[in-house]
Amino acid sequence: MATLVCRPGDPQALKAATAAAAAGASLAVLPLAEAAQWKKLLADSSNAAAGRQLFLVLPDGSALTDPNAIARYLGGALPPQLNLAVESWIEWEEAALRPAVYGGSSDALAAAVQRVKDGLAGGKRFLAGSGSQPSLADLVVYATLSPLAGSPSVAAVQPWLDALAAEPAVVAAAEQVALGASASDAAGAFLADADAARAAAPKLPIPGQRNILITSALPYVNNVPHLGNIIGCVLSADVYARFARARGYNVVYVCGTDEYGTATETKALEEGLTCQQICDKYHAIHKAIYEWFDIGFDKFGRTPTRAQTQIGQDIFRTLQQRGCLVEQTMEQLYSEPLGKFLADRFVIGTCPKCKYEDARGDQCDACGSLLNPTELINPKCKLTGSTPVVKQTKHVFLDLPKLSDDLQAYIDRTSTLGGWSSNCVQVTKAWMEQGLKVRCITRDLKWGTPVPLEGYEDKRLTGKAKSG
Ligand SMILES: [Zn+2]
């Protein structure tokens, strides 16, 4: 006998139990909370049933997890069989009805209810089949609509819902999956699933409404966040997101871990892990901490996505086509044992200014001078202790000087028009008076967005190339 493991009153469990009862298949039902013997199954993430709230354990020990697959398995003997109408209703239930019922979109739900009403037009008793018994399609559609029975949203099909609720198979199944819980307790499974569905549904701009996109600076994925990350980064955006939601605006608050770049490779070397392992580890830590603080992201993602690569490379190609990029060769320290260029902080040596012996490649802690690693006297690789060699490396730079005149004209126009603060005007003026310099947008890295340019196979785009 197959065993259905479920939460009390779950409508998707009702679907399975109704199919079994109507088809005369025997079925045991076990509450998820008491499914001790399936604990191992639930803990094994390679198993399809892991983490599921509903699954059917078959006599051979394998499991089905898809609610409609379970219903088909248990209700397979129900007439009419191999019927196109039955199949298309079951597919529609999964593709359209369930997202509408659980996702909470009232327009989609109204359209779905209308579709059921149309399916019953002409005084038909059931959606599919012609017998006196409901088809599997009726049972599948009924189960998903059942939590809404009696509410105005399903009034148009209430007589059909009432008739099915009175079917002996449905009565027996409802009692079986209630597992002794009261009807109000049992609603919990549906409400929890509906919450999860709403949280997972993509949020899109709504025409004619105030749509607000909020983001906070993406935290690097090379550390455990501290209170400063919360206060200085994600909290202020969260407060604004909550304010805007309370005002009824359509808000999307997006953030995620910034996973590409030198910082990740550096951390991976330090911890003896791969870059991917570092990112997986610290992404999980960041996510858990922000969840603990109840930061209300609509999405907390990760930067290595196909879309991110496409957008980054697109920007690069556009800049190249417009002649905004220049190539320059620079000298950098290279570690032969490691086979890679060294990040500044991995080089130590003697400060050329004050002769302090433990100066870092980017700064001397004794005299505070900002340094280039190639300036250090007697430089050493911090990781291997070997002496790095100076190697030439070609990089792509953003030709900012070329844009100076255009930028100055833009600043003159918008600083007045946009009412910039005097502080902002002064800082901008100081930058422009210094003169803009070319800005390097590639790095000698393997972990990151590939540079779409020949000869740059071992280099990656910097974060600034994409955000700047
Ligand atoms: Zn110094």
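I started at valine 347, which stands opposite cysteine 381 in S12. For the record, this is a predicted model, where local features need pLDDT of at least 70, side-chain atom pairs count only at pLDDT 80 or more, and totals for chains, interfaces and linings use all residues. Residues are numbered from 1 along each chain as its sequence is written, and side-chain values use heavy atoms, with hydrogens and water left out.

**Sheet S11-S10-S12**

I took strands (E, at least two residues) and helices (H or I, at least four) as DSSP runs, numbered from the N terminus. I counted two strands as paired if DSSP finds at least two bridges between them. I found 3 strands in an open sheet, in the order S11-S10-S12, with antiparallel pairing. S11 and S12 are the edge strands, each pairing on one side only. S10 and S12 run antiparallel and are joined by 3 bridges.

**Zinc site**

I took as donors the N, O and S atoms within 2.8 Å of the metal (3.2 Å for Na, K and Ca); water is not among the atoms, so sites may look incomplete. The SG atoms of Cys351, Cys354, Cys364 and Cys367 are the protein donors of the zinc ion, at 2.3 to 2.4 Å from it. Along the chain these donors follow the spacing C-x2-C-x9-C-x2-C. Cysteine 354 lies in the loop between strand S10 (347–350) and strand S11 (359–360), and cysteine 367 in the loop between S11 and strand S12 (377–381), so this pair ties together parts that are 13 residues apart in sequence.

I noted the geometry as tetrahedral because the 4 donor atoms subtend angles of 106 to 111° around the zinc ion; the cut-off for four donors is that all angles lie between 85 and 135 degrees. The ideal angle for four tetrahedral donors is 109.5 degrees.

I then checked accessibility (buried is under 20% relative accessible area, exposed over 50%, partly exposed in between; 1.4 Å probe, protein chains only). Cysteine 354 is partly exposed at 33%, and cysteine 367 is partly exposed at 36%.

**Annotated span**

The UniProt annotation "domain: Methionyl/Leucyl tRNA synthetase", from an unreviewed entry, covers residues 212–460. I keep in mind that such annotations may be inferred rather than shown by experiment. The span 212–460 is 37% helix and 22% strand, and its end C-alpha atoms lie 32 Å apart.

**Strands S5 and S6**

Strand S5 (residues 211–215) pairs with S6 in the parallel sense over 5 bridges. Leucine 213 has valine 252 as its bridge partner in S6. Strand S6 (residues 250–257) has 7 of its 8 residues buried, so it is largely enclosed by the rest of the structure.

**Rings**

I paired rings of Phe, Tyr and Trp (its six-membered ring) if their centres lie within 6.5 Å; planes under 30 degrees apart count as stacked, over 60 as edge-to-face and the rest as tilted. The structure holds 10 aromatic pairs. The rings of tyrosine 334 and phenylalanine 341 have centres 5.0 Å apart and planes at 75°, so I logged this pair as edge-to-face. Tyrosine 334 is buried at 15% relative accessible area, and phenylalanine 341 is buried at 15%. Tyr253, Tyr290, Phe297 and Phe300 form one aromatic cluster.

I also looked for charges over rings (NZ of Lys or CZ of Arg within 6 Å of the ring centre and within 35 degrees of the ring normal). The charged end of arginine 115 sits over the ring of tryptophan 89, 5.2 Å from its centre. Arginine 210 lies over the face of tyrosine 249, at 4.6 Å from the ring centre.

Definitions and conventions. Four donors count as tetrahedral if all angles lie between 85 and 135 degrees; four count as square planar and six as octahedral if opposite donors are over 155 degrees apart and all others between 65 and 115; anything else is irregular.
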